[in-house]
Amino acid sequence: MAYLNFDSSKLTKFVHDNELAEMQAMVNAADSELRNGTGAGSDFRDWLDLPTNYDHEEFDRIKKAAAKINQDSKYLITIGIGGSYLGAQMALDFLHNNFYTREEETTQVVFAGNSLSSTYLQDLIELVGDADFSINIISKSGTTTEPAVAFRVFKEILIAKYGEEEANKRIYATTDANRGALKEEADANGWETFVIPDGVGGRFSVLTAVGLLPIAVSGADIDELMKGARDAQNEYVDADLTKNEAYQYAALRNILYRKGFTTELLENYEPNMRMFSEWWKQLMGESEGKDQKGIYPSSANFTTDLHSLGQYIQEGLRNLFETVVKVDKPTKDIKIPSQEGNLDGLEYLQGKSMDWVNTKAYEGVVLAHTDGGVPVMTVHIPDQSAYTLGYTIYFFEVAVGISGYLNGINPFNQPGVEAYKTNMFGLLGKPGYEEIGKKLNDQL
Ligand SMILES: O=P(O)(O)OC[C@H]1O[C@](O)(CO)[C@@H](O)[C@@H]1O
């Protein structure tokens, strides 16, 4: 059995015994497109062997930069959006205490440039106050509006606080190796730079410097993270569906999709995995939602959302299926105390582990939702270690590569994200976009 345990045993009501095997020929074709580079978007597959084929010199520099930041900064302002943000935030949440704060002994990683909210940015400026800080600006293109605005604001504060020379030692730029506005500015000012490799798209970049620098600054073990991903890379290579659980997941979600289950909910039972779902949503949504088709990736956080979305999932429109990422061994557990009088009626649970109760809730939900007509699959992960996270990241990355090819799309481009940007630039009056702006303003 693989390190992760993919359980599709509750799908029998929705998927016949023969169906998975009948996908094998299509999976072979998808595997060949992915592995041999014969599919669309083949220039963006370098994440496939990233865990074994990464820049070791840069990896060491990341650790050194993290150590320096830990010494000289109370905050690391990590600026980025989409794939240049979600992986680091999800890893920090996944790997640390729910009330993560490191500012007393070392550096607290905080995020900016992931929205255009002026209130958020000003709140962050006020949080940082007079404290020492450094900046990690992360942008592959170097021109994305949200991070560029936040970077301007914090760069100005940094220079005013430290002067140009010291400020230049406190800015770390993670960007393209050779091109782009950010690379140019970094070179001109002597900032330390880290590379987002050409063949790795933003949503697949968490195991590059994009994720690794902030994760290392947070004190998490990036060696273990890479080791987990490496072991997963070795595990999920066989195109045989009986042997490859990541491929099984890809094939089953396509079987369900073709039956009208067009929305997938990624679910967890740990509040600090909420951002894991947000990371997964970009990975799946940007990879698969194109050519007017694709599974819509959504999420729910349990048991919390059973008290809000639970009704819809149980009895609403039957286009949903669920994939649970269930932690088998919690990082911490608590025993439920006894209480005199038993007014809350919970005495039957006294002395029981709270995680046992959480797991019983999960089991009950799987059965109820299955009865209600919602197919449920589960990816069991052993714990919330860095090793497990690396492994799990790779599981979903390789699954979406196969899944995208199974649905006949290019899983590695994202042409649709430009449409709103063009409109926004027109409305903002960006030079070169005047005509578009004029047309749009007439429509408003
Ligand atoms: O790293 P960049 O170029 O700033 O892009 C950030 C994100 O924006 C997108 O390009 C979408 O606008 C994503 O694909 C990407 O992850």
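**Figure 1. Contacts across the sequence and overall dimensions of the predicted model.** In this predicted model, 77% of the contacts between residues at least 6 apart in sequence join residues at least 24 apart. The protein contains 16 helices and 10 strands. For 444 residues, a compact globule would have a radius of gyration near 22 Å, and the value of 23 Å for the protein agrees with this. The C-alpha trace spans about 65 × 60 × 50 Å along its principal axes. Of the 444 residues, 53% count as buried. The accessible surface comes to about 19800 Å², and carbon and sulfur atoms account for 51% of this surface.

Figure 2. The protein carries 40 positive and 65 negative side chains, and the centres of the two sets lie 2 Å apart. The structure holds 20 salt bridges. One of them is formed by R35 and D31, whose closest N and O atoms are 3.4 Å apart. Both residues belong to helix 2 (residues 24-36), where they are 4 residues apart, about one turn of the helix. An α-helix has 3.6 residues a turn, so residues three or four places apart point the same way. R35 is partly exposed, with a relative accessible area of 26%, whereas D31 is buried, with a relative accessible area of 13%.

**Figure 3. Salt bridge between D223 and K63.** The closest N and O atoms of D223 and K63 are 2.8 Å apart in this salt bridge. D223 lies in helix 9 (residues 222-235) and K63 in helix 3 (residues 56-72), so the pair ties together parts that are 160 residues apart in sequence. Both partners are classed as partly exposed: D223 has a relative accessible area of 36%, and K63 has one of 34%.

Figure 4. D176 forms a salt bridge with R179, with 3.4 Å between the closest N and O atoms. D176 is buried, with a relative accessible area of 7%, while R179 counts as partly exposed at 48% relative accessibility.

**Figure 5. Surroundings of T52.** T52 is placed in the loop between helix 2 and helix 3. The residue is partly exposed, with a relative accessible area of 41%. Not counting residues up to four places away in sequence, T52 touches R230 and Q233. T52 and Q233 are 181 residues apart in sequence, and their C-alpha atoms are 8.2 Å apart in space.

**Figure 6. Helix 8 and the residue G219.** In helix 8 (residues 209-217), 9 of the 9 residues are buried, so the helix is largely enclosed by the rest of the structure. These buried residues are A209, V210, G211, L212, L213, P214, I215, A216 and V217. Helix 8 is followed by G219, which has a positive phi, near 95 degrees.

**Figure 7. Contacts of N272.** N272 lies in the loop between strand 7 (263-268) and helix 11 (274-288). With 10% relative accessibility, N272 counts as buried, because buried means under 20%. Apart from residues up to four places away in sequence, N272 touches D93, F94, H96, N98 and Q384.

**Figure 8. Backbone geometry on either side of strand 8.** Most residues other than glycine have a negative phi, and most peptide bonds are trans. In the loop between helix 11 and strand 8, D291 and Q292 are to be viewed with this in mind. The phi of D291 is positive, near 55 degrees, and the phi of Q292 is likewise positive, near 60 degrees. Q292 is exposed, with a relative accessible area of 82%. A cis peptide bond joins F302 and T303, with omega about 0 degrees. T303 is found in the loop between strand 8 (296-301) and helix 12 (310-315).

Notes: Residues are numbered from 1 along each chain as its sequence is written. This is a predicted model: local features need pLDDT of at least 70, side-chain atom pairs count only at pLDDT 80 or more; totals for chains, interfaces and linings use all residues. Side-chain values use heavy atoms; hydrogens and water are left out. Helices (H or I, at least four residues) and strands (E, at least two) are DSSP runs, numbered from the N terminus. The radius of gyration is taken over C-alpha atoms; the globule rule is 2.2 Å times the number of residues to the power 0.38. Buried means under 20% relative accessible area, exposed over 50%, partly exposed in between (1.4 Å probe, protein chains only). Contact means heavy atoms within 4.5 Å. Accessible areas come from the Shrake-Rupley method with a 1.4 Å probe; for residues, only the protein chains shown count as cover. Lys and Arg count as positive and Asp and Glu as negative; His and the chain ends are not counted. The place of a charge is taken as NZ of Lys, CZ of Arg, CG of Asp or CD of Glu. A salt bridge is a side-chain nitrogen of Lys or Arg within 4 Å of a carboxyl oxygen of Asp or Glu.
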